[in-house]
Amino acid sequence: MSKMLDVTNPYNGELVESIKLDTVEELKEKVAKAKAAQPAWERTPIVQRAKLIMAMIDKIEEKNEEIGTVCATEMAKPINSAKGECFDGGEIGRGYVERAKHLYGDVLTGTTGGREYDLGFTRREALGVVAAIIPFNYPIEMFYQKTTPALAMGNTVIVKAPSSNPLAVRMLVDCAHEVGIPEDVIQFTACERATSTEALITNPDVAAIGLTGSTETGVEMIKLAAETMKKTFMELGGNDALIICEDADIDTAVNEAIEGRLYNNGQVCCATKRFLIPKSMHDEFVAKLKERVLAIPRGSQFDPDAKAICLVSEKAAIKVEAQIKHTVDQGGVIVCGGKREGAFVEPTIIDNVSKDADVAKDMEIFAQVWPIITYETEEEAIEIANQSKYGLSGGVLAGDTVRAFRIADQMESSAVIVNGCSCYRMNEQPFGGCKASGLGNEGVGYSPEEYSRLKTYVLKGAF
């Protein structure tokens, strides 16, 4: 018997919709249909595939009011941000399509005896069936990040929606079907974790898994995927550090500290989560930061001025509340905030955080929380930044640009934002792929290659 999933508005607890969860057998059937449909989709000329994907993007943008409203309702995402994802993601998707259209192979000539008259060339082929596992925090953008390069390269896709907020993702898949992308080429599923493990992760007919999620989940999936030699792309956790040097402009530093933690209620993988402050600047920085944090407007996701809204669920808020308490137990001092009501956690500054505290290393807090860690020397700051198992992104602020780049060069992360916080992502950059923050690179210049494989053709005796 099929189970139902109740999707609720985390701001007020009201039921939004109940949807049916796929069973193992239903999901396996979707994989079988995707596998059967994949060869014909790959044989469809790239120009035709591109037109259909572009039409899907246009349709999503056309429906941004409806899709954005659903997204905001089911996960308490700020309404303007939810609507904006349709367009921001669309720009990313179009970039992937153009990149895929212009991926050229190499011509190879023999350099060993007896093969100098042979000619080889390479071309890219699809992987097969791709499982795209979408996170809760940016469901629309991550739909684009995973499906558009996979589809453009000739793969078929099973889109697994986040359990907390699957409705907007379902609408995105519907848009694909509306413009003529065959239903078996891109399919939606909402299912329990055990179901996806059996029907997707360990299914030999699934060739690749693209996941954005926690490092713990990623490690588990990689282990399971290894049994069937699946290719995996993992954009995982982060505990990004912002190093502020004593010669940085303090108002700029405070502004970047706010910007680095404010977006999407702090639920961002590359949000700044550790703030490293020189002791000489500490008192003034904390005082100015407190003033700014206390002034953050609060409200519902449909208040266009609200910047502090509830988290995706009360369960998530309870976890954050426990993490704040744990940090205080380890010596931290709450400057402001720290309280929880339902799914809402007050914007919180925790001062006096030891570099040995868990939050200064690997405890990722997914909320508007500012842990303040002081340091004495540049070398100590770099040591603290690098002591985390994560390496997603980072930031450094310094008046001396040469110094800033010297520090950036020593920070162990896939990206470092000089003169800015870590909560920044260029569409074109290789995102992820450092330490425990993931495997593979996501970005317009990289994902189409990731979602394909190279094949070599050789003509013997060509000359």
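The largest nonpolar core in this predicted model holds 63 residues, and those with the most contacts inside it are Met56, Ile60, Ile67, Phe143, Val159 and Ile186. A nonpolar core here is a set of buried Ala, Val, Leu, Ile, Met, Phe, Trp, Tyr and Cys residues joined through side-chain atoms within 4.5 Å, with buried meaning under 20% relative accessible area, exposed over 50% and partly exposed in between (1.4 Å probe, protein chains only). Helices (H or I, at least four residues) and strands (E, at least two) are DSSP runs, numbered from the N terminus.

Leaving aside residues up to four places away in sequence, Phe143 touches Met56, Ile60, Ile134, Thr148, Val159, Leu172, Val173 and Ile186, where contact means heavy atoms within 4.5 Å. There is also a second, separate core of 30 residues, with Leu311, Met363, Ile365 and Ile373 among them.

As for the ground rules, this is a predicted model in which local features need pLDDT of at least 70 and side-chain atom pairs count only at pLDDT 80 or more, while totals for chains, interfaces and linings use all residues. Residues are numbered from 1 along each chain as its sequence is written, and side-chain values use heavy atoms, with hydrogens and water left out.

Turning to Ser196, this residue sits in helix H7 (residues 193-201). Ser196 is buried, at a relative accessible area of 3%. Its contacts, again not counting residues up to four places away in sequence, are Leu27, Lys160, Cys191 and Ile201.

On the strand side, S3, S4 and S20 make an open sheet in the order S3-S4-S20, with antiparallel pairing; two strands pair if DSSP finds at least two bridges between them. Strand S3 (107-109) and strand S20 (452-459) are at the edges with a single partner strand each, so one side of each has no neighbour in the sheet. From one strand to the next, the twist averages 30° (axes are lines fitted to C-alpha atoms, for helices over the stretch in contact, and angles run from 0 to 180 degrees between N-to-C directions). Eight bridges link strand S4 (residues 119-126) with S20 in the antiparallel sense, and Glu125 has Arg453 in S20 as its bridge partner.

Strand S15 (residues 348-351) has Thr348 and Ile350 pointing one way and Ile349 and Asp351 the other, all of them buried. Strand S12 (residues 333-336) runs antiparallel to S15 and is joined to it by three bridges, with Ile334 opposite Ile350. S15 is also joined by three bridges to strand S16 (residues 369-375), this time in parallel, and here Thr348 stands opposite Val369.
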